[in-house]
Amino acid sequence: MPRAKPLLLRLAELTPGQTADFFALLAKKTRGATRDNKPFYTCHFRDARRTVTLMVWADSPTFEACEREWHQGHFYKLRAKYGEHERYGPQIELEILRPTTDKDKEDGFDEAQLVESSRHDPQQMFAELKELATAHLGDEPLRQLVLTLLDTHAEPFMRLPATRDKYYVFAGGLLEHTLAVTRSCLQLAERYSAYYTELKPPLNRDLVVAAAILHEIGRVKEFENEPQAPAYTVPGRLVGHLILGRDLVRDAARDVPGLNADLLQMLEHVILTHLALPEWGSPRLPLVPECLIVHHADDLDAKLEMYARCLSRDQASGPFTDRDPALNRQLYKGRSV
């Protein structure tokens, strides 16, 4: 008896051990080599709710096709068996793969369903971010600098994720993260500037707000402007978003008359050092208190988004989630309060 054709399902609906047909985006394809120097590819396929890993080894019948014909950022129809590895997370064993066609739309193929996007309207978020800059940046040249950079890079800023595989990994994530960090920084700057009145000069709220808005502006040059699977640009790999962001600010500042040189220097310093730790990629340690506010607001927002995504999407049985590869831990979800 011929085997029945598998069901056509969404990737996020598959259960361990189930074989099905589904549409997916090839979000990332990375070449590696074994200890014996045999090549392999690690492929990450995804829809809007789940990402799975496919290992393609050198002796696989699909290796040549993977190397030459599978392209990051393209959409495919797959037939595969789904599984969940205790250490490596969701995996698939591939049977068939082909590029999607227009005819697949009759079966429900929709690119928008395979690309995760922010829950919030990007135009509204961008307008709010500009309103915060306008309302809370008292230094006029600094305000002009921030608004100019936002307007110049508005399109990629609204479309890109914040990161490729850690936090806010969806289209619009960069803007959503930046807006959340800016809101927090505003509150923290108000609180601490009123508390530490002995600081001379006082805690600079303009510096905190400007740095919060621009702390990841370098992402628009680090990534290609393709939200479903953003590849690194050459400058993104060679330099990284911290220095790229500093350079964007420095270049734009040349066209802003009256911008205070010390204020610009402090803004560059906070952008460069807001990650705070060398092991996180910071080229220098933060040397001004304003950087601490941006750093902790940034880190808290990123971590909370990662925790919320893991807890809300996990399907493991028992009181703990599956190990989250970005967090490198299992989260407790068995709480009752």
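Trainee: What should I keep in mind about the model before we start?
Mentor: It is predicted, so local features need pLDDT of at least 70 and side-chain atom pairs count only at pLDDT 80 or more, while totals for chains, interfaces and linings use all residues. Residues are numbered from 1 along each chain as its sequence is written, and side-chain values use heavy atoms, with hydrogens and water left out.

Trainee: Happy with that. Why is Ala171 called buried?
Mentor: Buried means under 20% relative accessible area, exposed means over 50%, and partly exposed is in between, using a 1.4 Å probe and protein chains only. Ala171 has 13%, so it is buried. You will find Ala171 in the loop between α5 (154-159) and α6 (173-195); helices are DSSP runs of H or I with at least four residues, strands are runs of E with at least two, and both are numbered from the N terminus.

Trainee: What makes Tyr195 exposed?
Mentor: Its relative accessible area is 52%, and the label needs over 50%, so Tyr195 is exposed. Tyr195 sits in helix α6. Together with Tyr192, Tyr196 and Leu199, Tyr195 makes a nonpolar surface patch of about 370 Å². Patch residues have over 30% relative accessible area and no salt bridge; nonpolar side chains (Val, Leu, Ile, Met, Phe, Trp, Tyr) are joined within 5 Å, like charges within 9 Å. The areas come from the Shrake-Rupley method with a 1.4 Å probe, and for residues only the protein chains shown count as cover.

Trainee: How do you know that Glu128 and Arg183 form a salt bridge?
Mentor: A salt bridge needs a side-chain nitrogen of Lys or Arg within 4 Å of a carboxyl oxygen of Asp or Glu. The closest N and O atoms of Glu128 and Arg183 are 2.8 Å apart, so the pair qualifies. Glu128 lies in helix α3 (residues 122-136) and Arg183 in helix α6, so the pair ties together parts that are 55 residues apart in sequence. At 26%, Glu128 is partly exposed, and so is Arg183 at 39%.

Trainee: What makes Lys166 and Asp165 a salt bridge?
Mentor: The N to O distance is 3.9 Å, and the limit is 4 Å, so this pair counts. Lys28, Asp165 and Lys166 are linked in a network of salt bridges. The structure holds 21 salt bridges. Another of them joins Glu155 and Arg159, at 3.1 Å; both lie in helix α5, 4 residues apart, about one turn of the helix.

Trainee: Why are β4 and β5 said to pair?
Mentor: Two strands pair if DSSP finds at least two bridges between them. Strand β4 (residues 75-85) and strand β5 (residues 89-99) have 10 bridges, in the antiparallel sense, so they pair.

Trainee: What makes a set of residues a nonpolar core?
Mentor: Its members are buried Ala, Val, Leu, Ile, Met, Phe, Trp, Tyr and Cys residues joined through side-chain atoms within 4.5 Å. The largest has 51 residues, and those with the most contacts inside it are Leu145, Phe157, Leu214 and Leu267. The largest share of this core, 8 residues, comes from α7. Apart from it lies another core, of 21 residues, among them Leu11, Phe45, Leu54 and Tyr82.
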